[in-house]
Amino acid sequence: MRAATHAVRAACAAAATLAVTACGGGGGAGGDRGAVLSSSWGDPQNPLEPANTNEVQGGKVLDMIFRGLKKYDPDTGEARDMLAERIETTDSRNFTITVKDGWTFSNGEKVTAQSFVDAWNYGASLRNNQRNAYFFGYIDGYDKVHPADGSKQSADTLSGLKVTGPLTFTVKLNQKFSSFPETLGYNAFAPLPRAFFDDHDAWLKKPVGNGPYMVENYTRGSQMSLRKWEEYPGPDKAQNGGVDLKVYTDPNTAYTDLMAGNLDLTDDVPAAQLKNVKSDLGDRYINTPAGILQTLAFPYYDERWNKEGSEKVRKGLSMAIDREQITNTIFQKTRTPATDWTSPVLGKDGGFKEGLCGEACEYRPDEAKKLIQEGGGLPGGQIKITYNADTGSHKQWVDAVCNSINNALDNDRACVGNPVGTFADFRNQITGKKMSGPFRAGWQMDYPLIQNFLQPLYYTGGSSNDGKWSNQEFDDLVDKANAETDPAEAVRTFQQAEEVVRDHMAAIPLWYQNGSAGYSDRLSGVKLNPFSVPVYNEIKVG
Amino acid sequence: MPEQPPYEPERAIAGTGMGGQMDLAASEATTLEQPPPGGPGESGHEASAASGERPRSLWSDAWHDLRRNPVFIIAGLVILFLVLISVWPSLIASGNPLKCDLSRAQEGSRPGHPFGFDGQGCDVYTRTVYGARTSVLVGVLATLGVAVLGSVLGGLAGFFGGVPDSILSRITDVFFAIPVVLGGLVLLSVITSNTVWPVIGFIVLLGWPQISRIARGSVITVKQNDYVQAARALGASSSRLLLRHIAPNAVAPVIVVATIALGTYIALEATLSFLGVGLKPPSVSWGIDISAAAPYIRNAPHALLWPSGALAITVLAFIMLGDAVRDALDPKLR
Amino acid sequence: MGRYVVRRLLQMIPVFVGATLLIFLMVNVMGDPIAGLCGDRECDPATAAQLRREFGLDKPVWQQYLTYMGNVFTGDFGTAFNGQPVTELMGTAFPVTVRLTIVAIVAEVVIGITLGVVTGLRRGRPVDTSVLVLTLVVISVPTFVTGLLLQLLLGVKWEWIRPSVSPEAPFDELIVPGLVLASVSLAYVTRLTRTSIAENRRSDYVRTAIAKGLPRHRVITRHLLRNSLIPVVTFIGTDIGALMGGAIVTERIFNIHGVGYQLYQGILRQNTQTVVGFVTVLVLVFLVANLLVDLLYAVLDPRIRYA
């Protein structure tokens, strides 16, 4: 492919509208538009449906084969209109959405308002077991199609969705939610073709969407070949001929394959290799902020953590953690010490406020010791940081955090790690309210909004409020912010709510996580979006 | 969250069961120094009872040989040293194995810290010395347990054959089927005690089938020998046949497998810790340090080298000991 | 002999039932797997209940087991959590692992026994000592490190091999992974052979054979080796299952999507269907391997007979 001549390229350009797939472009500054790159992948845990995919690996594919009403800008994270012509509202509750004309799925079917409404109804309906069904929870009628108690659903479709024309539909929410349009870039809100409903099994074997790539071949557990969809009507056409996603059993193997020239891109550089990245790859390594925040959560159902003065203990623990040292040494700067409860990818206007945490997030061992004593000491004289041992090598940083706390408190056994065998068991202990001390809590944003960093995690009954923290003042501020029509004012109100989180140290923020990737010398224009997923369509090969 | 699979040391996982016994032979040799009444010296050549002057038993013969064997003496001294630092690590290490300074992570050797620092900035020398207790305890006791249980059950199955053999062998088959990871997650996760005993018990439970198979095979071969047939013809009881004639001649493969298994059990302890079901932090052991240092082999090989070296010396000592004991038990070498 | 084999085959039935029941119960004891399916957040209770119903997890354990076994006998091993049929998973994993195991076993037999014979005949000589040192290295350095270093050296630096094995996993790509996988077992086989050889070389039948004037290699292969192989064969028999089901690290380092890897993933995700399916097949492998070993005893030592 790379050896193709200029003549061939010229012919291809002329015949662009005809049999384009047969053309492989030549080299040159613009890169080879027909060349295919290979990238590391992990087999998705759940069936690859838009509303059923809640992890990065499946998300990668959805990102390539689907385009929704909105798309988050790969650089700024800002939600921009993609398929949406207009989204209008007067009351932050009733929205009229107009879909752009001219979009089709890669099988030729037109993308209409119905494509969205059908997809959303499918995602919300209890009988379809979609892991992300709760994303539709703001839409009126959700409690009918997805009764919270698991009883039989009394409706098949969301009453809040109405198709009013071939390209228009209305959405009625069950509460005011001014930033609802900004959430629509999430994969769960993607449109679905009829083929998805008519022959579901066939669709799963070879998903069809409306994005810049189409699935050519999918072998479960080993590889998915995606090729450029030449007739893609959107502005963000693929700059390469396609992507082969190869399933790796281990990120380290992918890294080694990259060094040996068998792989073009890995977006998961193993921690142990970070120190060697410069010498192995030179400047073919990127490390960019992603919307991921790591925290330590606390069990507020345990009264030892929910009594007068326990916020002092939590603050003290926070000040006993040398974030700078740990992110530099253990993570080789692929994490940044956290100074608030959101993420730098939101940007200042989006609600990120550096230093909001203040000195409570700085390493001050002496004050830490004092605060913990004032707060009545560590419950039981020792804290155990619980984490799951099977994924993500958490042991290292938990040990480092504990060593830091122990050094600050001058006590060998003030803090110890408490590994749990499997992720499922870890989650069961959390949902069963069995935690007795701080535990690992990671949050990867669903969409780049400050609301997403606060409401699910700290709102009473929030979907990821694992510590069961509850504070009336915080809840009121969030409600107020959601009802706010002026975006800047909404952000300011959310920040006030964040200050409540800070004053109670509801969770100890540890660090912002970066996405990192290494790539071969064939590639250029490689970057990661704020979700730490490579922006495949912008990569140039050759 | 992107969840990625962890690394874990495999040989531990791969080596489901293996184990054996070598200390058994040594300790029996000591306790049996007094020749039991009427114990004739057996060998492949003279199977019948001797008359007149009572010769020493095979076991006391063995002990007599061992005391003069330099290999045995060196191995014994190394093991004695290991036991000593397991009991009093502070004899040779003054530091605190739990005192770690992240700013010194992966630093190499320097005065006062001869082995350098590991990835968490802990002193490798101190941790290697303090790790001996857990590792030697797990290695030796698990091996002993596996060897005793395995060779008794396997020996009986091989000796009696028929229905007892079928039952015992099929039970071993079922045990073989349990993957170590699954067994560990199920059996050890319910135990909250943070001592080495559950770990040792677990290794014995999953390790005995292998030694049992080895012992069974060995006994099946040995019991065909002429001297066994002859002793049987002379009316020797089953227990006498087993203990006097078969065991000493069938023990060699068990010793070999057991001495090597000792090393793999020390590593298996780390695998269990890695799975979150073994010893909980802040335990110190060679296995834990080896598996923590392994991914960083390119940057800080010294953090891997020293605990691995300690493990190698321990295994070497026991292999030498096993060899010496086996030689002492072999009358043909006399 | 024939009756013995038939009897042994019949005995497989209770072992099979016992092992599957045991594994089924063990995975069940690990608890509710559904909580692990929703990432770092709580599954909404309605969806969780629905998923539990779909996977049959809401029924009592005995009923789950019976349903499962009933399905197994019709060839249906259930589906993994990602919707993939377990039979499909096994269909891709087992052939690869079988090839990997063959490489490992061949290495154990050829290299292990050769080294064992050489060291057994030359005890205490430099050869013996060097092999002992190698043995110690293999035991005390984790497979992970050996694999990683070989991968870096052979795969990246010298470019002799591909660092990762392709999905088709042909034999030639499996040689290095197979050797890494076999390394610890090699130590066992070598030491076992060495000890047996050293023990038997002074036996009467060897002396007789030498006295008869037979050529040295014939004495070694026909008389000495044959009588020394029983412990080695026993060990290899017990090792097959461990190699097939426990090659987790090797498979992961070299990107082999084999049985060890799938089984490990299944266990961590507490997926009963995957785990029991894979273990069921492994149990059959164990049973057959052990039967073959027992039959080999009679071949190696004619005095052993089976009625």
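How far apart do the end C-alpha atoms of residues 82-464 of chain A lie, and what share of the span is helix and what share strand? The end C-alpha atoms lie 29 Å apart, and the span is 29% helix and 20% strand. Helices here are DSSP runs of H or I with at least four residues, strands are runs of E with at least two, and both are numbered from the N terminus.

## Model and conventions

This is a predicted model, in which local features need pLDDT of at least 70 and side-chain atom pairs count only at pLDDT 80 or more, while totals for chains, interfaces and linings use all residues. Residues are numbered from 1 along each chain as its sequence is written, and chains are lettered from A and ligands numbered from 1 in the order in which they are written.

## Annotated spans

Residues 82-464 of chain A carry a UniProt feature, "domain: Solute-binding protein family", from an unreviewed entry. Chain B has a UniProt feature too: "domain: ABC transmembrane type-1", also from an unreviewed entry, at residues 132-322. UniProt positions are given in the numbering used here, feature names are shortened, and annotations may be inferred rather than shown by experiment.

The chain B span is 81% helix and 0% strand. Its end C-alpha atoms lie 20 Å apart.

## Chain A overall

Chain A has 18 helices and 19 strands. Its C-alpha trace spans about 75 × 60 × 40 Å along the principal axes. A compact globule of 542 residues would have a radius of gyration near 24 Å, and chain A agrees, with 24 Å. That radius is taken over C-alpha atoms, and the globule rule is 2.2 Å times the number of residues to the power 0.38.

Of the 542 residues of chain A, 58% count as buried. Buried requires 20 or more other C-beta atoms within 10 Å of the residue's own; exposed means 12 or fewer, partly exposed is in between, and C-beta atoms are placed from the backbone. Among contacts between residues at least 6 apart in sequence, 66% join residues at least 24 apart. Two residues are in contact if their C-beta atoms, placed from the backbone, lie within 7 Å.

## Helix 2 of chain A

Helix 2 of chain A covers residues 56-65. Ten of its ten residues are buried, so the helix is largely enclosed by the rest of the structure.

## Chain A against chain C

This contact takes 43 residues from chain A and 44 residues from chain C. On the chain A side, helix 8 (251-260), helix 15 (423-431) and strand 16 (439-444) give two or more residues. Helix 15 gives the most, with six residues.

The chain A side divides into 14 nonpolar, 19 polar and ten charged residues. Nonpolar covers Ala, Val, Leu, Ile, Met, Phe, Trp, Tyr, Cys and Pro; charged covers Asp, Glu, Lys and Arg; the others, Gly among them, are polar.

## Chain B against chain C

Here chain B contributes 51 residues and chain C 59 residues. Elements of chain B that give two or more residues include helix 1 (10-14), helix 8 (197-222) and helix 10 (238-274). Helix 10 of chain B has the largest share, eight residues. The chain B side divides into 30 nonpolar, twelve polar and nine charged residues.

## Helices 10 and 12 of chain B

Helix 10 and helix 12 of chain B pack at an angle of about 175°, with their axes 9 Å apart. Axes are lines fitted to C-alpha atoms, for helices over the stretch in contact, and angles run from 0 to 180 degrees between N-to-C directions. The two helices are therefore roughly antiparallel to each other, a label for angles over 145 degrees.

Residues of helix 10 in this contact include Val251(B), Ile255(B) and Leu262(B). Across from them, helix 12 supplies residues including Leu311(B), Phe318(B) and Arg326(B). The contact divides into 13 nonpolar, three polar and one charged.

## Single residues

Ser532(A) has a phi near 60°, a positive value in a residue other than glycine. Ser532(A) lies in the loop between strand 18 (523-524) and strand 19 (540-541) of chain A. With 23 C-beta neighbours inside 10 Å, Ser532(A) counts as buried.

Glu159(C) also has a positive phi, near 55°. Its loop runs between helix 6 (143-157) and helix 7 (175-200) of chain C. Glu159(C) has 11 C-beta neighbours inside 10 Å and counts as exposed.

Conventions:
Parallel < 35°, antiparallel > 145°, perpendicular 65-115°, else oblique.
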